[in-house]
Amino acid sequence: MFEALSSKLQNAFRNLRGLGKISESNVSDALRDVRQALLEADVNFKVARDFIERVKTKSIGVEVVQSIQPGQQVIKIIHDELVALLGAQHAGLNFDRQPTCILMVGLHGAGKTTSSGKLARLLQKQGRQPLLVAADVYRPAAMDQLETLAKQLDLPVFVKRGETEVTQIAREALAYAEAHCRNTLIFDTAGRLQIDEPLVQELVRLRDLVKPREILLVLDAATGQEAVNVATHFDQALNITGAILTKLDGDARGGAALSLKAVTGKPIKFMGVGEKLEDFEPFHPERMASRILGMGDVVSLVEKAAEAVDLEDARRMEEKMRRGQFSLEDFLEQLRQMKKLGPLDNLMKMLPGGSEALKQMDLGKQEREFKHMEAMICGMTPQERKNPAILNARRRQRIARGSGVSVTELNTMLNKFAQMQQMMKKMGKFQKMMARMGGAVPGMFGR
Ligand SMILES: Nc1nc2c(ncn2[C@@H]2O[C@H](COP(=O)(O)OP(=O)(O)O)[C@@H](O)[C@H]2O)c(=O)[nH]1
Ligand SMILES: [Mg+2]
């Protein structure tokens with residue numbers, strides 16, 4: 001996500017970090033690269049200019065803190081301004097009306113139908129009762145698409161084929177929702193290649209009838225500057241409540257995400273990061289800013305890990321690592337937990353500096369290696385896993401044969417494991433020492 005922008009900003013920061021003193025001229029020089037990076041990412045010209053102005057004013061006025069390098073303070077200011085630009089806080093949905101109607105609007109192919117399904121999934125997980133409503137009266141295929149998504153999610157969908165008046169569909173859908181206790185209606189509306197008057201009229205009729213609590217504009221992030229123009233038009237016509245930015249998994253340069261709030265005043269509420277139903281996340285300005293600035297999205301990673309890994313298990317494991325009692329059995333469990341988190345490259349991208357590190361790593365090889373390790377450990381008896389010392393030549397041959405590797409490979413794995421155990425013991429001691437010295441290591445920005 002936004003790799004080009006991210007790496008350019010990190011380059012600009014390299015110059016900033018070295019700043020020993022803040023003066024108008026040297027800050028201006030350093031910020032020129034930042035501005036260039038923003039423009040190349042397709043950030044609206046005016047938005048970029050204002051952004052740089054604000055950073056400059058704040059940097060020059062900043063009180064120099066003794067213990068921090070001035071350049072780092074500027075980076076912190078950039079971070080904070082970036083968070084503000086992205087909308088400051090996560091803007092959630094409002095559900096203070098019964099039932100809650102959500103209109104999904106946008107151009108052709110932006111991802112309305114897909115996002116309707118993704119949003120329904122998310123709301124269902126939050127305990128709401130969504131009803132998907134097929135309100136794209138022009139494309140029968142869109143109705144089929146929505147029906148398929150609903151089936152996958154095991155959710156009800158309201159479809160009325162042959163009906164061409166969208167308000168009639170809406171009326172019946174509302175009645176259906178009431179009869180079936182659905183408290184959240186998600187209307188998947190029609191799109192156009194370009195916003196035009198008939199489309200606007202239809203959406204206005206629909207809006208005036210269902211009085212939606214949310215009108216979410218679905219925008220393809222890859223369309224860059226154009227996305228912002230589209231947003232302005234839709235907002236003027238319908239007064240949208242927020243946006244869903246889709247296809248952020250692609251090669252979007254980031255301009256849309258960075259300009260949208262500043263230009264329209266409307267927040268990005270969610271983002272689509274893939275074609276699958278689970279590839280959908282609430283948009284968090286703070287996390288996005290960290291991601292863009294290359295500090296990784298540690299918060300997201302932790303949450304993702306918490307979803308997949310039982311916390312109690314994790315704590316138990318950590319304790320074992322600290323004491324150096326981490327066995328091959330535990331190692332096997334860890335390998336399996338890791339698989340639950342998804343492909344390695346996704347995980348790496350979320351770690352600070354991960355995108356950079358990724359370029360130098362052969363993850364395919366790493367994943368194959370993990371698979372081999374798993375096979376080797378699986379080939380051992382529980383006793384052998386607990387106490388690898390009993391692995392004599394005969395046992396090693398048996399395990400190697402059973403898991404399709406050579407004895408040399410098995411030996412290498414066992415050596416690596418022994419090293420890892422040693423390292424964990426040391427790390428455990430180090431952590432304890434740090435804790436005694438007064439808690440966690442302060443974060444880059446003192447958080
Ligand atoms: N990679 C990726 N593809 C997406 C995303 N959202 C939607 N798509 C794809 O974009 C295409 C158009 O989506 P669709 O929901 O039919 O758009 P609509 O015309 O606005 O309803 C489909 O092929 C989707 O799979 C996303 O976040 N990432
Ligand atoms: Mg559609």
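User: Why are H9 and H10 called roughly parallel?

Analyst: In this predicted model, the axes of helix H9 (residues 225–238) and helix H10 (residues 255–264) cross at roughly 30 degrees and come within 9 Å. Angles under 35 degrees count as roughly parallel, over 145 as roughly antiparallel, 65 to 115 as roughly perpendicular and the rest as oblique. H9 and H10 are therefore roughly parallel to each other. Axes here are lines fitted to C-alpha atoms, for helices over the stretch in contact, and angles run from 0 to 180 degrees between N-to-C directions. Helices are DSSP runs (H or I, at least four residues), as are strands (E, at least two), numbered from the N terminus.

User: What is the handedness of the crossing of H9 and H10?

Analyst: H9 passes H10 in a right-handed crossing. A crossing is right-handed if the near helix is turned clockwise from the far one by less than a right angle, and left-handed if anticlockwise.

User: What is the relation between H5 and H6?

Analyst: The axes of H5 and helix H6 (residues 140–153) cross at roughly 25 degrees and come within 10 Å. H5 and H6 are therefore roughly parallel. Their crossing is right-handed.

User: What makes H2 roughly antiparallel to H3?

Analyst: Helix H2 (residues 24–40) packs on helix H3 (residues 45–61) at an angle of about 155 degrees, with the axes 10 Å apart. That angle makes H2 roughly antiparallel to H3. The crossing of H2 and H3 is right-handed.

User: Which residues are closest to ligand 1?

Analyst: The closest are Gly109, Lys112, Thr113, Thr114 and Asp249, out of 17 residues that surround ligand 1. A residue counts as near if one of its heavy atoms lies within 4 Å. Helix H5 (residues 112–125) gives the largest share of this shell, four residues.

User: How do you know that ligand 1 has polar contacts with the backbone?

Analyst: A polar contact is a pair of N or O atoms within 3.5 Å; within protein, one must be able to donate a hydrogen and the other to accept it, and residues adjacent in sequence count only if both atoms are side-chain atoms. Oxygen atoms of ligand 1 lie 2.9 Å from a polar backbone atom of Gly111, 2.7 Å from one of Lys112 and 3.3 Å from one of Gly274. The protein covers 81% of the 580 Å² of accessible area that ligand 1 has on its own (Shrake-Rupley method, 1.4 Å probe).

User: On what terms were these values computed?

Analyst: Residues are numbered from 1 along each chain as written, and chains are lettered from A and ligands numbered from 1 in written order. Local features need pLDDT of at least 70 and side-chain atom pairs 80 or more, while totals for chains, interfaces and linings use all residues; side-chain values use heavy atoms, without hydrogens and water.
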